[in-house]
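Before reading on, please take a moment to look over the sequence and the model. The report below then takes up a few local features in turn.

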Amino acid sequence: MEAVPYALSFREPYVTARGRLERREMVLVRLGTDEGIEGLGEAVAMSLRGASDVASLAREIRERGEPGLVGLEVDPGRAVSAHRIADAMSPAAIAALEVALLDLAARAADQPVWQTLGAGSAKPVVCNATLVAGAPAAVAADAGRWAEHGFETFKLKVGVPGDVGQVEAVRGAVGDRARIRVDANGVWAPQDAVLRLTAMERHGIELAEQPAADLEDLAVVRNQTAIPIAADESVNGPDDARRARELGACQLATVKLAKVGGIGAARAIAAELPVYLSSALDGPVGIAAAAHLAQVLRPGAPGAGLAQGLATQLLFADTIATVQCELRNGTLHLPDGPGLGVEIDESALDRCRI
């Protein structure tokens, strides 16, 4: 096993209500067998949410993950739960190990991960554009550029000064038929959230992600707005999802693999609440894993018609892959080949190591 810390720089600073990032730091996990097959996983250091830094994350994977992995038998076409060999680890670390084991098992069976997960076929994944916070005119211009690439759903980072103006400007730029969703990252008090969402509502809002800090506050907001509420930071596992449903806190949840602890945890949440997927600003491995998962989310479930938040590779100035998911006309296309289908560019990885 190898755990490689690396970073991808953003084309422009990534700005939200919680802070600003110049680059995304991650850990690439590589699992090898004595037959020469390699499986890939990825752990994201979610620094704006107070999670471990990338050095600590890499150390955790090496020290806690490796002992249970060395000598493990790989059953082709059958994934091994990372929880069996990596208990009491952070969700990001568990997600990385789980995806690497799944990639390894699928490659050993010479089949794609979506088939290992039980899907009968793979389809392109419709994605939303992700717009960073900024001056209304700048955000609207950014939306226009994404629209030129075929995107029809636009996610705005709100909870910052001038956010209502951002929504109005973007609506003017993309027209009445486009969908707009907003994400406050939990920074509003409930009544502030109600006031802001009421001001935005006339511009046609598809949904609001995490407009308040916790499930109790989300329930207060949901009861006072017509805009559907999606939980993000407040739903990190199936127990949270059940509690959200019991409280009436939200209509649906957005799932990030690094946040919840991998594909198995994501599917468990989806059994409790309607979900759509979001990127944790993942690299090419994490995006591919989520795109494979999208193939087995229940097609008839509420939320199944929503765009997935997996187009964030366009935010980066670089990549560590020679083969990865491709974005065409607002949809994400899985690479051909077994496993995740991702192939690493060794020179790019060396350049991006930290």
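Predicted model: local features only at pLDDT ≥ 70, side-chain atom pairs only at ≥ 80, totals over all residues.

Residues are numbered from 1 along each chain as its sequence is written, and side-chain values use heavy atoms, with hydrogens and water left out.

**Two helix pairs**

Helices (H or I, at least four residues) and strands (E, at least two) are taken as DSSP runs and numbered from the N terminus. Axes are lines fitted to C-alpha atoms, for helices over the stretch in contact, and angles run from 0 to 180 degrees between N-to-C directions.

| Helix pair | Residues | Angle | Axis distance |
|---|---|---|---|
| helix 1 and helix 3 | 54-69 and 91-108 | about 50 degrees | 10 Å apart |
| helix 7 and helix 8 | 190-201 and 215-222 | roughly 40 degrees | within 9 Å |

Angles under 35 degrees count as roughly parallel, over 145 as roughly antiparallel, 65 to 115 as roughly perpendicular and the rest as oblique. With its angle of about 50 degrees to helix 3, helix 1 is therefore oblique to that helix. The crossing of helix 1 and helix 3 is right-handed, a crossing being right-handed if the near helix is turned clockwise from the far one by less than a right angle, and left-handed if anticlockwise. In this pair, L57, E60, I61, G65 and L69 of helix 1 make the contact with A92, A93, L97 and L101 of helix 3, where contact means heavy atoms within 4.5 Å. Sorted by kind, the residues of this contact are 7 nonpolar, 1 polar and 1 charged; here Ala, Val, Leu, Ile, Met, Phe, Trp, Tyr, Cys and Pro count as nonpolar, Asp, Glu, Lys and Arg as charged, and the others, Gly among them, as polar.

For the other pair, the axes of helix 7 and helix 8 cross at roughly 40 degrees, which means that helix 7 is oblique to helix 8. The crossing of helix 7 and helix 8 is right-handed. On the side of helix 7, P190, Q191, A193, V194 and L197 meet D217, V220 and V221 of helix 8, and the residues of this contact divide into 6 nonpolar, 1 polar and 1 charged.

**Cysteines**

How many disulfides does a search of the whole structure find? The search finds 0 disulfides, a disulfide being a pair of cysteine sulfur atoms within 2.5 Å. The sulfur of C325 has its closest cysteine sulfur in C127, at 8.8 Å, which is too far for a bond. C325 is buried at 2% relative accessibility, and C250 is buried with a relative accessible area of 4%; buried means under 20% relative accessible area, exposed over 50%, and partly exposed in between (1.4 Å probe, protein chains only).

**Loops and a covered helix**

Although D110 is not a glycine, this residue has a positive phi of about 55 degrees. D110 lies in the loop between helix 3 and helix 4 (113-116) and is exposed, with a relative accessible area of 62%. L281, also not a glycine, has a positive phi of about 60 degrees, and its place is in the loop between strand 11 (275-277) and helix 12 (284-294). L281 counts as buried, at 5% relative accessibility. Helix 12 is mostly covered, with 11 of its 11 residues buried, among them P284, H292 and A294.
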